[in-house]
Amino acid sequence: MKTLGYYNGKFGPLEEMTVPMNDRACYFGDGVYEATLARNGKIFALKEHLDRFFNSAGLIKIDIPYTKDELAAILYDMLAKMDDKDIFIYWQMTRGTGIRQHQFPAAGTKPNLWIFMKPGKSADSSKRLKLTDMEDTRFLHCNIKTLNLLVNVMAAEKAESLGCGECVFHRGDIVTECAHSNVSIIKDGVFKTHPTDHYILPGITRMHIIQICKDNGIIVDEIIVSSSTKFCSPVCEMNGTPIGGKAPELVDLIQKKYTEKFENETM
């Protein structure tokens, strides 16, 4: 299949799938999600994504009715039905279906599992990104990968309207992350990024890049945007002012090492 959707055991072409109006995702964004890439029938960094998925669900008191192995089996069963070699995979768990009320639905209400798959590759990380910025007005649980993404949507639209690749969030003078990526600086041998507290999502690509830097003793003066689909993209501009570009050979090394990791795990 070219695209594939899944809802609580039912699946079919994504454009033909429907969900109940009373799914709590529709009213409250009451759920958590993950996304990654697959290549050659192998899902990249699935263990890390499942660990974060279960952690996010636990933090908002959603009891996932599957083990990690069971959920992985569902994802791989769907992936086997796809036609393309390179696939984007998204899944989410919502608190369940029930008449609209702010408090949790009745005890015993089963969470709902949504999945969709479509053709998708990583973005071209050889292109340097232009950035803009915006005050971070999101709530104080950004470490939970929830469906509540309205501020992220507004920031992404601002970036798009200005011809930028991303919008950097900041709380006053402190940079947190981007609309849909992590942002980091490696300077003077130190990887500078916001600590993994409740102000940012603990990015899996970010984690892998930190390890690559440690393994290679990299000293670089660059700004790097990273995500599961962007991989590792350097930056050339912030609000029209040129930035970065002082150590392109070291950014190339990080990109090469990360691409090798992705390709080795999806051969």
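Colleague: Is Thr132 buried or exposed?
Modeller: In this predicted model, local features need pLDDT of at least 70, side-chain atom pairs count only at pLDDT 80 or more, and totals for chains, interfaces and linings use all residues. Residues are numbered from 1 along each chain as its sequence is written, and side-chain values use heavy atoms, with hydrogens and water left out. Buried means under 20% relative accessible area, exposed over 50%, and partly exposed in between (1.4 Å probe, protein chains only). Because its relative accessibility is 2%, Thr132 counts as buried.

Colleague: Where is Thr132 placed?
Modeller: Strands are DSSP runs of E with at least two residues, and helices are runs of H or I with at least four, numbered from the N terminus. Thr132 lies within residues 129-135, which form strand β7.

Colleague: How does Asn22 count at 25% relative accessibility?
Modeller: Asn22 sits in the loop between β2 (10-12) and α1 (24-28). Because its relative accessibility is 25%, Asn22 counts as partly exposed.

Colleague: Which residue meets Glu177 in a salt bridge?
Modeller: A salt bridge is a side-chain nitrogen of Lys or Arg within 4 Å of a carboxyl oxygen of Asp or Glu. At 2.8 Å, N to O, the side chain of Glu177 meets that of Arg138. The pair links distant parts of the chain, 39 residues apart: Glu177 is in strand β9 (residues 174-178), and in the loop between β7 and α4 (150-161) is Arg138.

Colleague: Which residues are linked with Arg138 in a network of salt bridges?
Modeller: Arg138 also meets Asp136 in a salt bridge (2.8 Å, N to O). The network joins Arg138 with Asp136, Arg171 and Glu177.
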